[in-house]
Amino acid sequence: MIVLGMESSAHTFGVGIVDDGEMLANEKAMYKIGTTGMIPGEVARFHAENAADVLGNALKKAGITPKEIEGVGYTMGPGLGPCLEVAELSAKTIAKKLEIPIVPVNHCAAHAEIARHFGKLSDPIMLYVSGGNSQILALEEKPHLHYSVLGETFDIGVGNMLDSFARKLKLKPAWGSSVEKHSQGGRYIELPYTVKGMDFSFTGLATRATELIGKEKVSDLCFSIQETAFSALCEATERAMLLKNKREIGICGGVAQNRKLKKMLKAMGEEHNARLGFAPDEFNADNGGMVAYLAERMIRSGIRSRLEDCGIRQRYRVDTARLG
Amino acid sequence: MEKPRIIGIGAEARLYLMNLFGADIIIKERLPKKYRAKALDLRIRKERTKNEARIMFRLSKAGIRCPRIVALGRYSIYMERLEGVLLKDKEISSREISDAGQILGRMHSLDIIHGDFTPANLILDNSGKVYVIDFGLSAMAKSEEEKAVDLLLMKRYLKKNLYSLFEDAYSKTYNDSGKILRRLEEVEKRGRYQIRTLA
């Protein structure tokens, strides 16, 4: 079954095409954030301007014509309202025109499921880390297939924390990945470490690290903020894994591109004979492929949505999303 | 003297059982984690061991049921062994859950937060008494927020009727419980906490 997926919850407009779980295309256009962060209206305009091109590229890459599309999925949420609307409207237009089934997809669940697919994981503890989110998830079968949240951030997402810190340090580009680059050769400085059971918090860490800008070396600060935040994530994941008796760890979301974090999780897993699995980087960053992949599975399991029920939900929680 | 035998591996510590002068002793040793920087690792293990011991002493002194400490190392706590079953591994009775509520109420009266108050950290001993264990995430704190989170953990775990028994017992034991319960409502209303259940 050929299914198209559309994603526009934040800075990326993405279109993916799958056929029986096989990825035929994963095309995207990314809004350049610069120094201001994201202004929703402007990002949405960027998406609208690029939607047709990205869709065209995806069809070309997959080598199919629009008529061959048998179903369509889009990201319903969570995300920024004006941004989400672009994929929603595009998907609805396609569904109406081609008279094919449409399903709204939860963004977080799509990240987790694509990591499970590429990482060859059957029942992992899944660490979902991105700009806006940081959660520890596990699959539950009842009353229907869904992810439950075992632990999560009490305040901000780890990606947002690292990006904001990079901006305060005036690193270029101001991304979490620049913090990783500048952390090379750093020495550990004591910073607040907050884990409560399987939950964690990052604002205290961010505040203290910001206070130390100018007083400590940039490499020491970058190393320490990353080390502290990632250690907290590893510890919470470890606790969740032991509590749920799992022997697989997954990592997904934008921050899953970070090599240091993957290395730490792998080392943690080895102490418990647990394997780490994840998707290639292009599927960890926001993308349409993951939406297409989950949409196909949802359509196959019989989930259908009426066009008039397809909207957006800016605060769509992953534990309320039915996957099968 | 026999060699200590591993009886449990937790997320951050290993538990050993050994017989010391005829008595069964449990040793909780915080192990190094290879994934984190050494300086952070040493700090976390040392601080938590010290903190945990301090809390246990306070609870014992106040007569709240928890294992008694026999000796203390830099990264290990030696404590008496409780024989029984974890509440998470059994059908919890209403009497047991009320006892648990009372324990948390008394802890909060002393401004002690447990930090991971769940049936996985409550033991029913062979004489039928409920004990609280594992103070690795405990702290001295007056904060309503943190006390509310102690309740929230239990609320996520327990079925509704069992939780209301727990909350009743808690309220009866702790004078300021009204404030904490109101705070709990607030905490639950926040987006991030919504509809969280542990199946």
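Student: In chain B, what distance separates the centres of domain 1 and domain 2, taken over C-alpha atoms?
Tutor: This is a predicted model. Chain B splits into domain 1, residues 5-80, and domain 2, residues 84-193. Taken over C-alpha atoms, the centres of these two domains of chain B are separated by 22 Å.

Student: Which helix gives the most to the side of domain 1 of chain B that touches domain 2 of chain B?
Tutor: Start with the contact itself: 14 residues of domain 1 of chain B meet 13 residues of domain 2 of chain B. By class, the domain 1 side has eight nonpolar, one polar and five charged residues. Seven residues of that side come from one helix, spanning residues 38-61 of chain B, and that top contributor is α1(B).

Student: How many residues does α1(B) supply to the side of chain B that touches chain A?
Tutor: Between the chains, 24 residues of chain B are in contact with 27 residues of chain A. Both α1 and α3 (144-157) of chain B supply at least two residues each to the chain B side. The largest share is from α1(B), and the number is four residues.

Student: How do the residues on the side of chain B that touches chain A divide by class?
Tutor: That side has 24 residues of chain B in contact with chain A. Its residues divide into 13 nonpolar, five polar and six charged.

Student: Turn to chain A. Is β5(A) mostly covered or mostly open?
Tutor: β5(A) covers residues 102-106. Ile102(A), Pro104(A) and Asn106(A) point one way, Val103(A) and Val105(A) point the other way, and all are buried. With five of its five residues buried, β5(A) is mostly covered.

Student: Which residue stands opposite Asn106(A) in β5(A)?
Tutor: Look at β4(A), residues 71-77, which is joined to β5(A) by five bridges. The two strands run parallel. Opposite Asn106(A) stands Gly77(A).

Student: What is the handedness of the β-α-β unit made by β4(A), α2(A) and β5(A)?
Tutor: The strands β4(A) and β5(A) are parallel. The helix of the unit is α2(A), residues 81-98. Together, β4(A), α2(A) and β5(A) make a β-α-β unit that is right-handed.

Definitions and conventions
Residues are numbered from 1 along each chain as its sequence is written. Chains are lettered from A and ligands numbered from 1 in the order in which they are written. This is a predicted model: local features need pLDDT of at least 70, side-chain atom pairs count only at pLDDT 80 or more; totals for chains, interfaces and linings use all residues. A residue is buried if 20 or more other C-beta atoms lie within 10 Å of its own, exposed if 12 or fewer, and partly exposed in between; C-beta atoms are placed from the backbone. Two strands pair if DSSP finds at least two bridges between them. A crossover is right-handed if, with the strands pointing away from the viewer, the path from the first strand over the helix to the second runs clockwise. Domain bounds come from an automatic or database domain assignment. Two residues are in contact if their C-beta atoms, placed from the backbone, lie within 7 Å. Ala, Val, Leu, Ile, Met, Phe, Trp, Tyr, Cys and Pro count as nonpolar, Asp, Glu, Lys and Arg as charged, and the others, Gly among them, as polar.
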